[in-house]
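Me: I have a structure to go through with you. Could we take it piece by piece?

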Amino acid sequence: MQSSLTRRTFVQTMGIGAGAAAGLAALQADASEAAGGGIKIIGVACSPRRGKTTAQALAICLDATREVAPDTIETELIELADLEIPGYIAAGIPLKPGHKDDFGDVAAKLVDGRVRGILIGTPVYFGSMTSLCKAFLDRCFALRARKFALANKVGGVVAVGGVRNGGQELTIQCVQSALLCQEMIVVGDGRPTCHTGATVWNSGNDDISQDEFGVGTVKNLGRRVAEVALNRAAPSA
Ligand SMILES: Cc1cc2nc3c(=O)[nH]c(=O)nc-3n(C[C@H](O)[C@H](O)[C@H](O)COP(=O)(O)O)c2cc1C
């Protein structure tokens, strides 16, 4: 399915110019290539602040995925912080003069056949995801329209709030709704915490290390995404 998405049709769908097409070589990798080698899991950090708590949590989550199968799983963290992702393009509105659109380069990485898992991380902003996260998920509508290019990739969500119960669970569920619309395989944090996803508390000074429970959910989510991505049976104990 993913292999039927050609570089040319992808570029057209994304509404990006030929100049950006050079960055889309990854599209030429198809699922059959993935079958013979390792797999990749990507984390997308949707905070406007580069390297802060959401990125930190995703880095821990990606570490946990690699621990499941160090020789098989490769990871990459993509931070949207310094990128331009105009959400209005999802509604068919052309790129406005003076605006830049980096979505195509990110999307090209996600649709690669080797990518079997995608972790979305977002801060909690007023009880839900950031506008950057929503714009990114809205733009992924183009991938749905192109034969569900994200279908069957495993999806997990990390939400970081400034307080312990600041809306992390609702935020996770809102992101999960968008992933379900992509026909992705949505999972939560695995055992022993085993709920909707990674719920993290920035306990001050942009530090999540004090949040032992939250960091536990981050690790359990990473492990769970890796296990399902590798099509492994769930642990029996
Ligand atoms: C506009 C805004 C709204 C926020 N709303 C919430 C909220 O509703 N609940 C919460 O727990 N934290 C809230 N926060 C705090 C952030 O979620 C928290 O600082 C988070 O760690 C930021 O992620 P980052 O370090 O990756 O940027 C808000 C922060 C901002 C800037």
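Reply: In α5, the buried residues are Leu132, Cys133, Lys134, Ala135, Phe136, Leu137 and Arg139. A residue is buried if 20 or more other C-beta atoms, placed from the backbone, lie within 10 Å of its own, exposed if 12 or fewer, and partly exposed in between. Helices (H or I, at least four residues) and strands (E, at least two) are DSSP runs, numbered from the N terminus.

Me: What kind of model is this, and how are residues numbered?

Reply: This is a predicted model, in which local features need pLDDT of at least 70 and side-chain atom pairs count only at pLDDT 80 or more, while totals for chains, interfaces and linings use all residues. Residues are numbered from 1 along each chain as its sequence is written.

Me: Why is helix α5 largely enclosed by the rest of the structure?

Reply: Helix α5 (residues 131–139) is largely enclosed because seven of its nine residues are buried. Those buried residues pack against β1 (39–45), α4 (103–110), β3 (115–123), α6 (141–145) and α7 (168–180).

Me: Which residues touch the most other members of the largest nonpolar core?

Reply: Ala57, Cys61, Phe136 and Val158 do, in a core of 58 residues. A nonpolar core is a set of buried Ala, Val, Leu, Ile, Met, Phe, Trp, Tyr and Cys residues joined through C-beta atoms within 7 Å.

Me: What is alanine 57 in contact with, beyond its neighbours within four places in sequence?

Reply: Alanine 57 is in contact with Gly121, Val158, Val160, Ala198, Val200, Ile208 and Val218. Contact requires C-beta atoms, placed from the backbone, within 7 Å.

Me: In which sense do β4 and β6 pair?

Reply: The two strands pair in the parallel sense, over four bridges; pairing requires at least two bridges found by DSSP. Valine 158 stands opposite alanine 198 in β6.

Me: And the faces of β6, covered or open?

Reply: Both are covered, with Ala198 and Val200 buried on one side and Thr199 and Trp201 buried on the other. In a regular strand the side chains alternate between the two faces of the sheet.

Me: Switching to the loop between β6 and α8: is serine 209 buried or exposed there?

Reply: Serine 209 counts as exposed, because it has 10 C-beta neighbours inside 10 Å. Its C-alpha atom is separated by 9.4 Å from that of glutamine 56, 153 residues apart along the chain.

Me: How many residues of α8 are buried?

Reply: In α8, 13 of the 18 residues are buried, so the helix is mostly covered.

Note on methods: Two residues are in contact if their C-beta atoms, placed from the backbone, lie within 7 Å.
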